[in-house]
Amino acid sequence: MSLDKAEIKKAMVAMSGGVDSSVAAYLVKEGGYQTIGVTMKLFDRDDSKGTGEKTCCSLDDVEDARSVANKLGINYYVFNFEDDFDKEVIQRFVDAYERGMTPNPCIDCNRHIKFKRLFQRALELKQDYVVTGHYVRTMFDEGSGRYLLAKSLDKNKDQSYVLYSMTQEQLKHALFPLGGMTKEETRSIAESLGFVNAEKKDSQDICFVPQGKYSEFIEAYRGRTYPEGDFVDTQGNVLGRHKGIIKYTIGQRKGLGLALPESLYVKEKDIENNKVILARDEELYQKRLEVTDLNWIALSGLTHDLKVSAKIRYSQREDKARVIPLSEDKVLVEFENPQRAVTSGQAAVFYDGEIVVGGGTIL
């Protein structure tokens, strides 16, 4: 990654306070880039009411990032993007839940905040690259003339799924220094440099919803509660009462509060009639789904059927599928094997081996 002095480029590193972005900052600086570190202030959280669990975007995270920047001898700034984050991430999250969907706010944050709002700020400051600690790789394909997004070498840490929405311009000006490393190597570098966050645990929760209490957050955000309604089976028989339709997601079994003769799972949410439909596990599988809000990386658009491997949630392995264009911004995905608990609002991401072909939102 080293550069000749005549080619020195400017790199803005998005520093979350975690070990990954800290090591990314070290690597680009060592590579000869003129480096600055930035932390995005995304929402107001009362840290005095913390749960004791680490989530990102806390005051501690800002101090950790600042400590690393000082150790590296790079300038460090905090940008206030609270309004953008509320509009582009939190409101989308709440709206989707109210429509019966289960969104992935990390994808929206990458799409609308890191690689849109921060990207714009980087351009304003005449930076050549935006750098993050994601475990992915980029490359340029001479044949197609397109920038490509590829899986990281550490398959246990690969984060290509949450970056499928990146554009060609964003990929051209993005650096992911950790794409060829393992998490163990990252921590080893941080330890050798004496970073304060070398042993810091990865955040697991959605940053603005500590402990994963989505429904409580939504009710507080909207300033309202959601009415009770019926649990019904696929024949419409009433099985009991639910406590508000936003409290449930597709595939859920635990926490239903019902005494049933067999295990039943959430199959569907009928928003119009305020009903949660339950079914046996074998009824949760399907081979076909529609995907919209598409973004293509490896190609400019889809004009014919395409064989890919695809997955419909971050933690899932890919499965063979065929993508069939229905319109300019909608495709039908036919999996070779039935997929469990296909959930509207989640992302379907398509791969050709290591390469991200594209992806979109499940309808």
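Which residue in S4 stands opposite Met-12? Val-130 does. Keep in mind that this is a predicted model.

That pair sits where strand S1, residues 10-14, meets strand S4, residues 129-131. The two run parallel, joined by three bridges. Now widen the view. S1 and S4 belong to an open sheet of five strands, ordered S3-S2-S1-S4-S7, with parallel pairing. Its edges are strand S3 (75-80) and strand S7 (174-175), each pairing on one side only.

Next, a helix on that sheet. Helix H2, residues 59-72, lies across strand S2 (34-41) and S3. Its direction makes an angle of about 155° with S3.

On to strand S11, residues 275-279. Why call S11 largely enclosed by the rest of the structure? Because four of its five residues are buried. Strand S8, residues 229-232, runs parallel to S11, with three bridges between them. There, Val-232 stands opposite Ile-277. Strand S10, residues 265-270, pairs with S11 in the antiparallel sense, over five bridges. Here Tyr-265 faces Ala-279 as its opposite residue. The hairpin of S10 and S11 has four residues between the strands. Look at Asn-274 in that hairpin: its phi is positive, near 55°.

Last stop, helix H7, residues 214-222. Which of its residues are buried? Ser-215, Phe-217, Ile-218 and Glu-219. Their cover includes helix H3 (82-98). After H7 comes Gly-223, with a positive phi near 70°.

That's my tour. Over to you.

Terms used: Residues numbered from 1 in each chain as written. Predicted model: local features only at pLDDT ≥ 70, side-chain atom pairs only at ≥ 80, totals over all residues. Heavy atoms only, no water. Buried < 20%, exposed > 50% of the residue type's maximum accessible area, 1.4 Å probe, protein only. Contact = heavy atoms within 4.5 Å. Pairing = 2+ DSSP bridges. Axes fitted to C-alpha atoms, helices over the stretch in contact; angles between N-to-C directions.
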